[in-house]
Amino acid sequence: MKKLTNKENELMELFWTEGAMFVKDLLEKYDEPKPHFNTLSTMVRTLESNGFLAHKAYGNTYQYYPIVTREQYGKTSINTMVSNFFKGSYLDAVSAFVKEEKISIEELEALIDQVKKGQQ
């Protein structure tokens, strides 16, 4: 799965939150200065060609909807990050979070307890 740019991620967050939308509906979600309609339309078509969105035709206009969930994208992103930066080692990835104090030992112990309970 392709990595989303910041702007693409912003659009996908709107689709994940709001659900199916026409480009005009999407445009209404933006504050001033709003992006140009054609710019949004191009970005949405790119997301569709990259497999993130699909559309339903209503005459000569399209309503777009997400076909990749936020959770699916998140899992793929994490797997890619671990593969690219930690040589595929999830242990090394978790160790980095502990070393950087992004996760505490207590949180890690709680996670281990959850995993153990799930395996029983």
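Me: What order do the three strands of the open sheet have, and is the pairing parallel or antiparallel?

Reply: Strands of a sheet pair through backbone hydrogen bonds, in either a parallel or an antiparallel way. Here the open sheet has the order 1-3-2 with antiparallel pairing, where strands (E, at least two residues) and helices (H or I, at least four residues) are DSSP runs numbered from the N terminus, and two strands pair if DSSP finds at least two bridges between them. Strand 1 (21-22) and strand 2 (53-58) each have a single partner strand and stand at the edges, so one side of each is left without a neighbour in the sheet. This is a predicted model, in which local features need pLDDT of at least 70 and side-chain atom pairs count only at pLDDT 80 or more, while totals for chains, interfaces and linings use all residues. Residues are numbered from 1 along each chain as its sequence is written, and side-chain values use heavy atoms, with hydrogens and water left out.

Me: Over how many bridges do strand 2 and strand 3 pair?

Reply: Strand 2 and strand 3 (residues 61-66) are joined in the antiparallel sense over six bridges, and His55 stands opposite Tyr64 in strand 3.

Me: At what angle do the axes of helix 1 and helix 3 cross?

Reply: Axes are lines fitted to C-alpha atoms, for helices over the stretch in contact, with angles from 0 to 180 degrees between N-to-C directions. The axes of helix 1 and helix 3 cross at roughly 80° and come within 11 Å. That makes helix 1 roughly perpendicular to helix 3, since angles under 35 degrees count as roughly parallel, over 145 as roughly antiparallel, 65 to 115 as roughly perpendicular and the rest as oblique. Contact means heavy atoms within 4.5 Å, and among the residues making this contact are Leu11 and Phe15 of helix 1 and Leu40 and Val44 of helix 3. As for the sheet, helix 1 (residues 6-18) lies across strand 1, strand 2 and strand 3, at about 85° to strand 3, whereas helix 3 (residues 37-49) lies across strand 2 and strand 3, at about 115° to strand 2.

Me: Is Ile103 buried, partly exposed or exposed?

Reply: Buried means under 20% relative accessible area, exposed over 50%, and partly exposed in between (1.4 Å probe, protein chains only). Ile103, with a relative accessible area of 22%, is partly exposed, and its place is the loop between helix 5 (90-99) and helix 6 (105-119). Leaving aside neighbours within four places in sequence, Ile103 is in contact with Phe97, Val98 and Leu108.
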